Amino acid sequence: RKIPAGVPVTLVGVPPISDRALQEQGIPRVAVDRATRNAAFACSRHEACRFIDMQAMLTDGSRARPGVLEDDGVHLTASGYRLLIDALNDVDFVAGR
């Protein structure tokens, strides 16, 4: 479906997931990377869509930053959620991109 023009949308990408957790679930890392790229692309096609790239925000490029994931390698810690909340609060639909 199409999103009606002028309707603000915030799309939050896949958060970091440890290699161990991905392996346990049989999910290849490339699938996560592809999902992030596809979500960012889809959002870029809608003027009122803002994409929050959790991978870029919570990793150092290849691994989750220290303290943002619980020991299970999947769930965010309170610090990780704080960063997400800050990013969501920074979304500005009035001023544009």
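Contact here means heavy atoms within 4.5 Å. With that settled, here are some notes on this predicted model.

1. **Thr59 and its neighbours.** Thr59 sits in the loop that runs between helix H3 (54-58) and helix H4 (78-89). Leaving aside residues up to four places away in sequence, Thr59 touches Pro16, Met54, Ala64 and Arg65. Its side chain also has a polar atom 2.5 Å from the backbone oxygen of Gln55. Is Thr59 buried or exposed? The relative accessible area of Thr59 is 14%, and buried means under 20%, so Thr59 is buried.

2. **Gly73, in the loop between H3 and H4.** Gly73 also has its place in the loop between H3 and H4. With a relative accessible area of 5%, Gly73 counts as buried. Which residues does Gly73 touch, not counting those up to four places away in sequence? They are Pro16, Ile17, Ser18, Arg20 and Ala21. The pair Gly73 and Ile17 is worth a look on your screen: the two are 56 residues apart in sequence, yet their C-alpha atoms are 5.6 Å apart in space.

3. **The largest pocket.** The volume of the largest pocket is about 370 Å³. Its lining is made of 17 residues, and the closest to the pocket centre are Ile17, Arg29, Ser62, Arg63 and Ala64.

4. **What the lining is made of.** By residue class, the lining of the largest pocket has four nonpolar, seven polar and six charged residues. Helix H1 (19-25) and helix H2 (29-44) each contribute at least two residues to this lining. H2 gives the most, with three residues.

5. **The disulfide.** How many disulfides does the structure hold? There is one, and it joins Cys43 to Cys49 with an S to S distance of 1.9 Å. The torsion about the S-S bond of Cys43 and Cys49 is about -110°, so this disulfide is left-handed. Both ends are shielded: Cys43 is buried at 2% relative accessibility, and Cys49 is buried with a relative accessible area of 4%.

Terms used
Residues are numbered from 1 along each chain as its sequence is written. This is a predicted model: local features need pLDDT of at least 70, side-chain atom pairs count only at pLDDT 80 or more; totals for chains, interfaces and linings use all residues. Side-chain values use heavy atoms; hydrogens and water are left out. On a 1 Å grid over the protein atoms alone, a cavity is a set of points where a 1.4 Å probe fits but cannot get out, and a pocket is an open set with protein on both sides within 12 Å along at least five of seven lines; lining residues have an atom within 4 Å of a point. Grid points are joined across faces, edges and corners, and a volume is the space filled by probe spheres set on the points. Helices (H or I, at least four residues) and strands (E, at least two) are DSSP runs, numbered from the N terminus. Ala, Val, Leu, Ile, Met, Phe, Trp, Tyr, Cys and Pro count as nonpolar, Asp, Glu, Lys and Arg as charged, and the others, Gly among them, as polar. A disulfide is a pair of cysteine sulfur atoms within 2.5 Å. Buried means under 20% relative accessible area, exposed over 50%, partly exposed in between (1.4 Å probe, protein chains only). A polar contact is a pair of N or O atoms within 3.5 Å; within protein, one must be able to donate a hydrogen and the other to accept it, and residues adjacent in sequence count only if both atoms are side-chain atoms.
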